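Please consider the protein shown below.

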Amino acid sequence: MNLSGRRESSNVDDRRRMGGKTIGGLGIGGLIIAGIIVWIMGGNPLSVLQNSNVSGLTTEQSSTYAPSAEEEELASFAKKILAGTEDVWTAEFAKMGKTYVPPKLVLFTGSVQSGCGGASSSTGPFYCSADQCVYLDLSFFMDMKKQLGADGDFAYAYVIAHEVGHHVQYLLGTLQQAHNQMSRVSETESNKISVRLELQADFYAGIWAYHDNEMFGSLEDGDIEEGLNVASKIGDDYLQKKARGYSVPDSFNHGTSAQRVKWLKKGLTTGNLNNGDTFTPSYSQL
């Protein structure tokens, strides 16, 4: 991506030097696949620890944490992408006669306490509607590359833009409505509603990329391919097969690889919010 001369958002809470807790024993490498699955599910960030029976295996992180040059570069990148989402969604909300209130980006390392509870870096990025913040441990990008072969600046930008997409859903009331519906139906039906939510967040990530490129000429050769590649590798079917050798469609709650690619690409190619209705079509047509 071409981000030369782009501003960095100041709407960032950098907690990386505040210390925290990290997983002992298994470490992040042993949990990363399960963590990414939880990330795409949009579930309880602590579930990886609870299900792995390692929630008690924590050690205090050194308070003298010093980020590497690579991490600082990623932090600057994340702030520029957040700024881009602020510019794009401010304009898109204005078209609807609405005011966009951006989320805060919380950078952390090891673990963090959010309005939705505690979370570990191994769970991946997440959005918390309780405090309207996007939480990100920058090491997640390094693990995407190592564990999934999903690399590139636009691939990383897509992750951030997807989480901001959930904030857009919150501001538009979609997130609350979906969660209310999910609480009243069976687990299988709840998963299907979750898929609709997550695919729409993918679409919104594509919408951001389309208009960010229109505003700033940010996309370069290969960027779109990077985004579609990571979308294909964080589908429920792909991750479940990678983690345990098979997939269980009834448990899908973020969408298949093909669905994720489809909706990200739809946002990228049309730039039209009216094309992002993932709730009206039949489930088989998503």
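The account below moves from the overall make-up of the protein to selected residues.

This is a predicted model, in which local features need pLDDT of at least 70 and side-chain atom pairs count only at pLDDT 80 or more, whereas totals for chains, interfaces and linings use all residues. Residues are numbered from 1 along each chain as its sequence is written, and side-chain values rest on heavy atoms, with hydrogens and water left out.

The protein contains ten helices and eight strands. Both kinds of element are DSSP runs numbered from the N terminus, helices being H or I with at least four residues and strands being E with at least two. Of the 286 residues, 52% are buried; here buried means under 20% relative accessible area, exposed means over 50%, and partly exposed lies in between, with a 1.4 Å probe and protein chains only. The protein exposes about 12,100 Å², and 48% of this area is supplied by carbon and sulfur atoms. Such areas come from the Shrake-Rupley method with a 1.4 Å probe, and for residues only the protein chains shown count as cover. Among the contacts with a separation of 6 or more, 76% are between residues 24 or more positions apart, a contact being heavy atoms within 4.5 Å.

Together β5 and β6 form a hairpin with two residues between them. Within this arrangement, Gln113 stands opposite Gly118 in β6.

The structure holds one disulfide, a term for a pair of cysteine sulfur atoms within 2.5 Å. The disulfide is formed by Cys116 and Cys128, whose sulfur atoms are 2.1 Å apart. Cys116 lies in the loop between β5 (111-114) and β6 (117-120), while Cys128 belongs to strand β7 (residues 126-128), so the pair ties together parts that are twelve residues apart in sequence. The torsion about the S-S bond of Cys116 and Cys128 is about 95 degrees, and the disulfide is therefore right-handed. Cys116 is partly exposed, at a relative accessible area of 40%, whereas Cys128 is buried, at 0%. What is the cysteine sulfur closest to that of Cys133, and how far away is it? It is the sulfur of Cys128, at 7.2 Å, which is too far for a bond. Cys133 is itself buried, with 8% relative accessibility.

Aromatic rings provide the next topic. The structure holds nine aromatic pairs. Rings of Phe, Tyr and Trp (its six-membered ring) pair if their centres lie within 6.5 Å, with planes under 30 degrees apart counted as stacked, over 60 as edge-to-face and the rest as tilted. One of these pairs joins Phe203 and Tyr204; it is tilted, with 6.0 Å from centre to centre and 55 degrees between the planes. Phe203 is buried at 0% relative accessibility, and Tyr204 is buried at 6%. Ring pairs also link Phe203 and Tyr204 with Trp89, Phe93, Tyr100 and Trp263 into a cluster.

Charged side chains sit over aromatic rings as well. The charged end of Arg6 lies over the ring of Phe216, 3.8 Å from its centre, and that of Lys192 lies over the ring of Tyr283, 5.2 Å from its centre. The criterion is that NZ of Lys or CZ of Arg is within 6 Å of the ring centre and within 35 degrees of the ring normal.

Three further residues complete the tour. His211 lies in helix α7 (residues 187-216) and is buried, at 12% relative accessibility. Not counting residues up to four places away in sequence, His211 touches Val88, Glu92, Lys95 and Gly271.

Lys266 is found in helix α10 (residues 257-270) and is partly exposed, with a relative accessible area of 28%. Neighbours within four places in sequence aside, Lys266 is in contact with Phe203, Gly271 and Asn275. The C-alpha atoms of Lys266 and Gly206 are separated by 7.0 Å, although the two are 60 residues apart along the chain.

Finally, Ile234 is placed in the loop between α8 (223-233) and α9 (236-244). Ile234 is buried, with a relative accessible area of 2%. From C-alpha to C-alpha, Ile234 and Arg260 are 8.1 Å apart in space, and they are 26 residues apart in sequence.

Technical notes: Two strands pair if DSSP finds at least two bridges between them.
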